[in-house]
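Hi,

Here is the structure I promised to pass on.

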Amino acid sequence: MSVLLMLTRHPVLRRVLEAALTLLGVSVLTFTLLRVLPGDQITASYGIEAGALSPEQLADLRAYYGLDQPLVTQYVHWLGGVVSGNLGVSATSRQSVLDMTVAALPNTLELAVLSIAIGLLLGVPGGLFAASRPGATRDSGSQVASLLALSLPTFLVATVVSTWLANTFGWNPNGEEFATLAQDPARNLQQMLLPALVLGVSIASPVFQTARASILAIRDEDYVRTARAKGVPSRRLQYRHVLRNALIPIVTIGGLQFGFLLGGTLVIEQIFSIPGIGRQVLLGLNQKEYAVVQSTVLVIAVLFVAVNLATDLLYRVVDPRVRAE
Amino acid sequence: MTTTTAVPATSAKQIEPLLAVTNLSVTFETPHGTVEAVRDVTLEISRGETVAVVGESGSGKSTLAASINALLASNGRVSGGSIRLDGAELTELGEKAMTAIRGNRIGMVPQDPMTNLNPVMKVGAQIVEALEVHGRASGQQARDQAVALLEKAGIADAAARSNQYPHEFSGGMRQRVLIAMALACRPELLIADEPTSALDVTVQRLVLDQMAELADELGAAVLLITHDLALAAERADRVVVMYRGEVVEQGLSAEVIEAPQHDYTRRLLAAAPSMATPKIATSVTEPGTREVLLSLRGVERRYRLRGRREPLVAVGGLDLEVRKGQTVAIVGESGSGKSTTARLALRLEACDAGVATYRGTDLATLKRTGLKDFRRSVQPVFQNPYASLDPRYTVAEVVAEPLRVHRIGDTRSRSAAVARLLDQVALPAALADRYPHELSGGQRQRVAIARALALEPELVVMDEAVSALDVLVQEQVLDLMVQLQRDLDLAYLFISHDLAVVRLVAHEVYVMQHGRVVESGDPEEIFGNPREEYTKRLVAAIPGRREALR
């Protein structure tokens with residue numbers, strides 16, 4: 001017990017321990033939730049024909065997939081597999097979930113990186129711009145724009161924009177078959193452009209609000225006044241003193257948003273037919289493919305936790321006071 | 001208005017003063033209308049001279065300082081008069097021209113070292129920046145200069161320290177960094193706005209000495225802004241006294257102290273406690289026979305520090321007793337364990353060793369009703385009257401809250417109690433519906449005292465409760481404390497770093513250092529004839545020991 005206590009005292013080990021517990025919780029939750037849903041993998045894969053199966057056939061199939069085992073055994077079996085790198089196999093496509101994930105993850109990752117980049121590039125300069133004259137037209141104008149971006153549902157904007165582009169300009173890159181970045185960079189980037197923009201704009205909104213608020217707060221700090229008193233010109237003041245300190249909350253919100261993006265932006269991936277991790281979960285759910293859903297959700301959770309850890313590390317870069325702890 | 005100009009006639013004719021402020025007025029636009037914070041102020045500073053501007057908070061002294069290097073808050077502006085630096089008019093300069101002057105020709109040392117350094121920049125880099133933006137030096141040369149400046153400002157091992165961040169420095173060290181920063185470009189004028197009021201008394205003296213030395217070495221004139229007349233007289237060639245935005249008196253320091261012309265200056269002088277001020281504490285008859293309220297026996301409190309194996313002993317083996325109707329004071333520097341002792345006495349924290357009792361009952365054993373009774377009998381008043389009142393509560397709500405929490409009386413009787421309590425602390429009943437931000441610092445601290453008195457306590461723990469107040473207000477609050485003690489037979493545990501104040505009100509004093517009591521007894525004896533080295537240092541650090549001047 002005392003060893004465990006010691007482990008929890010060490011800041012890094014503590015974080016790792018917390019992460020492991022989080023992941024364990026996620027695995028138990030998804031496992032249970034899937035079992036609570038009516039129907040199972042077999043009835044789902046056979047659709048309406050499932051009714052034609054005799055009880056014996058059903059029992060055989062269930063035994064084949066290991067669904068006749070007690071839940072705890074199933075769980076331990078699955079988790080044991082996951083730990084040794086076996087995420088299970090999709091019953092419909094006969095593909096290993098690991099292979100599926102390896103194929104889908106880069107697409108989601110690419111979309112997430114592009115979206116967060118757009119979100120930060122719009123949100124942070126926007127925040128600086130709005131905060132430069134609080135209460136002025138530029139401030140209220142950007143606030144209205146940000147609120148609009150936040151309140152318009154992404155699926156609506158996405159559908160409207162892509163339909164409009166396709167109808168008016170005949171440009172519909174997402175109508176073609178999806179190309180990965182490695183296969184055809186030009187087509188891939190065209191296909192990524194719209195979804196990344198739609199997501200980026202919706203991320204820009206909270207980033208903008210956070211940036212604006214923290215810049216305004218930091219501007220009134222004593223040390224900013226002192227920097228002015230030593231003759232620091234306003235541009236340098238903005239970047240070296242104000243923005244540098246305002247980065248701390250911006251990193252927080254950026255990290256959170258990025259984590260959510262990695263969870264697969266289900267709706268956007270669906271609308272723009274991007275074979276990402278969100279779609280993988282959706283397809284798995286439709287088919288009640290336990291292995292696919294469970295393992296993919298766990299992968300997403302691992303990514304989320306990893307992003308959180310990375311955000312913490314970024315804090316240490318941005319804020320020396322955190323480094324000292 | 002009495003104005004005595006002390007600049008020798010010859011020098012005034014021959015050379016233009018370095019800084020000439022003439023008929024300056026500064027106004028602020030507020031939601032309640034226009035406020036004139038500085039009115040018709042005229043003063044001059046010659047090269048190499050130190051001039052102190054003295055006044056209480058709200059007197060306009062900081063506004064005056066801010067208007068000189070055009071750093072007024074965005075709602076403030078110079079509405080009249082002129083500010084000339086070496087003959088050049090500053091009020092007409094644009095932001096860009098002003099940026100070239102700030103830090104270069106006018107250096108500024110701000111008040112609070114804890115908040116005035118950029119937390120994410122190394123201290124060396126912050127000094128380098130001052131040199132770079134004015135093209136004084138760059139690269140390695142600038143870094144070398146920064147290290148040399150830090151060294152001169154009194155920072156040991158400056159080369160290594162310059163690579164550290166502000167949070168790795170103590171308050172006194174940070175202020176030295178700020179002084180080095182302000183003087184980096186060898187400015188002709190150094191504005192020091194309450195440069196040491198946030199520091200410990202013993203450190204204050206050292207930092208002021210170092211600042212004066214460095215300014216002298218670099219030939220900078222100093223405009224010292226302070227609320228402390230004694231300190232001003234000790235440090236400055238001339239003193240300018242401000243009151244409600246106007247200069248009421250100026251002259252050579254010794255003259256102003258010896259023969260103050262204006263009534264306000266006389267009041268300031270009278271209110272500032274010194275070691276010669278007569279005591280105001282009530283005499284306690286046969287103190288030894290009064291019942292013991294609070295008793296701490298061998299009390300210890302340790303804190304575990306991150307990254308350190310040994311716990312920090314905040315309070316170690318402390319013995320202390322407070323009897324009914326008695327004022328017991330604890331003095332010492334920050335970090336000496338004073339405030340920890342207050343928290344232990346209030347049972348906001350538990351002792352790690354030793355026994356704390358109240359009326360003979362061990363505080364550690366108190367549960368529910370016992371604890372509730374204890375909380376009724378012992379009330380706190382904290383240092384910062386700005387932070388210790390809920391900004392969303394009216395004065396009446398603040399004062400009535402303890403009654404509500406302890407379910408005493410009904411709405412009507414509570415509002416009667418509020419009226420009585422406000423009267424007790426000499427606040428007009430009309431203030432009951434106001435919010436804390438509408439009150440002055442002194443009024444707020446009276447509200448905090450009224451709140452503490454609401455439950456008719458026997459013991460009030462005052463943790464630096466008068467330290468943030470101006471001398472005139474402080475005098476009133478101290479008088480109020482003593483009067484309440486006489487009327488209600490209150491006991492005080494009075495924690496302060498200000499020996500002169502402690503001497504006025506305390507019946508018994510404990511001098512603490514590093515969590516231990518180094519000396520205790522009658523304040524007159526302890527301060528008049530300190531035995532321990534530490535106590536001697538504390539006594540010596542009191543600015544302007546005015547007995548000598550009188």
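This is a predicted model: local features need pLDDT of at least 70, side-chain atom pairs count only at pLDDT 80 or more; totals for chains, interfaces and linings use all residues.

Residues are numbered from 1 along each chain as its sequence is written, chains are lettered from A and ligands numbered from 1 in the order in which they are written, and side-chain values use heavy atoms, leaving out hydrogens and water.

Chain B contains 20 helices and 20 strands (DSSP runs numbered from the N terminus: H or I of at least four residues for helices, E of at least two for strands). Its radius of gyration, taken over C-alpha atoms, is 25 Å, close to the 24 Å of the globule rule for 550 residues, so chain B is as compact as a globular protein of that length. That rule is 2.2 Å times the number of residues to the power 0.38. Along the principal axes, the C-alpha atoms fill a box of roughly 75 × 55 × 45 Å.

The domain assignment (automatic or from a database) gives domain 1 (1–105 + 188–270), domain 2 (113–184) and domain 3 (287–387 + 457–548) in chain B. Between domain 2 and domain 3 of chain B, the C-alpha centres are 37 Å apart.

Best wishes
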